[in-house]
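Please look through the structure shown here, which is a predicted model, before reading the report that follows.

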Amino acid sequence: MGKRIFAHRGLNRRAPENTMAAFRKAVDAGVTWIETDVDVLQDGTVIICHDTTLDRTTNCTGSYYKLNRADLAFIDAGSWFSPAYAGEPLPTLFQLVDYMNETGLNANIEIKSNEAGAAMTRQLISAVAHELRRLHGPQVIVSSFNHVLLHEFHALAPDIPLGCLYETAALYEDWRSILELVGATYIHPEDRDLTRERVAAFRDAGFGVNVWTVNSVARAHELFNWGVEGVFTDCADEMLHLAE
């Protein structure tokens, strides 16, 4: 398995994060893996957005949990980044899957820890599984900080590889038990305070390791030397040589 360079939310320094423009920029730069975030609207439409509100990355405010697909036409997800991206839409997972099938782009899909309750979380999980079944060729990893959610997703789509996300502060010594209970293939630890010994322990337990968020080429090189398989980065176009 070659080293993976994941463009974190697309090429987010060259186009607004988590938009089709950022994903196209990644493909144009030769990136083969992106990372992106998904959550769900009221009608079951899976959207691509990192936050649980629209405030930071669109011209709208508040939660999207009560919106429907038709409301997406009124959301501008580009102007905040640059006038050049005015009118850039908030994308759906449906659009991304089509683009992946068209280009061969691979993706890590992070399912956000939905804050609207169990029913909407299950709607999100089911809809993501449904959309990813349309992939023909591209590889996908599904990840989340919510390991209960991942466990439920695994029951719906046992063939899709999973990655358990961890902040360093929450990476307790029960990580192996949790990954095995979830059915995960990968562990996705935070870069901060990550050690060679811990990476070795992850690998010795049989898990692939993808680390977030690594914006130093030197640090990425070090992590790959430790046996890490992939790094999530905001400057993927500057790190592609590490994957060769």
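## Helix 4 and helix 5

In this predicted model, helix 4, which covers residues 147-156, and helix 5, which covers residues 175-182, have axes that come within 8 Å and cross at roughly 30°. Because angles under 35 degrees count as roughly parallel, helix 4 is described as roughly parallel to helix 5.

On the side of helix 4, the residues that meet the other helix are His147, Leu150, His151 and His154, and their partners in helix 5 are Ile178, Leu181 and Val182. Sorted by class, the contact of helix 4 with helix 5 holds 4 nonpolar and 3 polar residues, with no charged residues.

## Helix 1 and helix 2

A second pair is formed by helix 1, residues 20-28, and helix 2, residues 93-103, whose axes come within 11 Å and cross at roughly 15°. That angle makes helix 1 roughly parallel to helix 2, and the crossing in which helix 1 passes helix 2 is right-handed.

Helix 1 contributes Met20, Phe23, Arg24 and Val27 to this contact, while helix 2 contributes Gln95, Leu96, Tyr99 and Thr103. The residues of the contact of helix 1 with helix 2 divide by class into 5 nonpolar, 2 polar and 1 charged.

## The largest pocket

Rolling a probe the size of a water molecule over the atoms shows where empty space is left. In the largest pocket of this model, that space comes to about 170 Å³. Its lining is made up of 15 residues, and those that lie nearest the centre of the pocket are His8, Glu35, Glu110, Phe145 and Trp212.

Strand 2 (33-40) and strand 4 (106-111) are the elements that give two or more residues to the lining of the largest pocket. When the residues of this lining are divided by class, 4 are nonpolar, 6 are polar and 5 are charged.

## The largest cavity

How many cavities of 30 Å³ or more does the model contain? The count comes to 1 cavity of 30 Å³ or more, and the largest cavity holds about 50 Å³ of space.

The residues that line the largest cavity are Glu17, Asn18, Thr19, Ile48, Cys49, His50, Thr57, Ala77, Trp80 and Leu90.

Technical notes
Residues numbered from 1 in each chain as written. Predicted model: local features only at pLDDT ≥ 70, side-chain atom pairs only at ≥ 80, totals over all residues. Heavy atoms only, no water. 1 Å grid on protein atoms, 1.4 Å probe; cavity = no way out; pocket = protein on both sides within 12 Å on 5 of 7 lines; lining within 4 Å. Points joined across faces, edges and corners; volume = space filled by probe spheres on them. Axes fitted to C-alpha atoms, helices over the stretch in contact; angles between N-to-C directions. Helix = DSSP H or I, 4+ residues; strand = E, 2+ residues; numbered from the N terminus. Parallel < 35°, antiparallel > 145°, perpendicular 65-115°, else oblique. Contact = heavy atoms within 4.5 Å. Nonpolar A, V, L, I, M, F, W, Y, C, P; charged D, E, K, R; others polar. Left-handed = near helix turned anticlockwise from the far one by under 90°.
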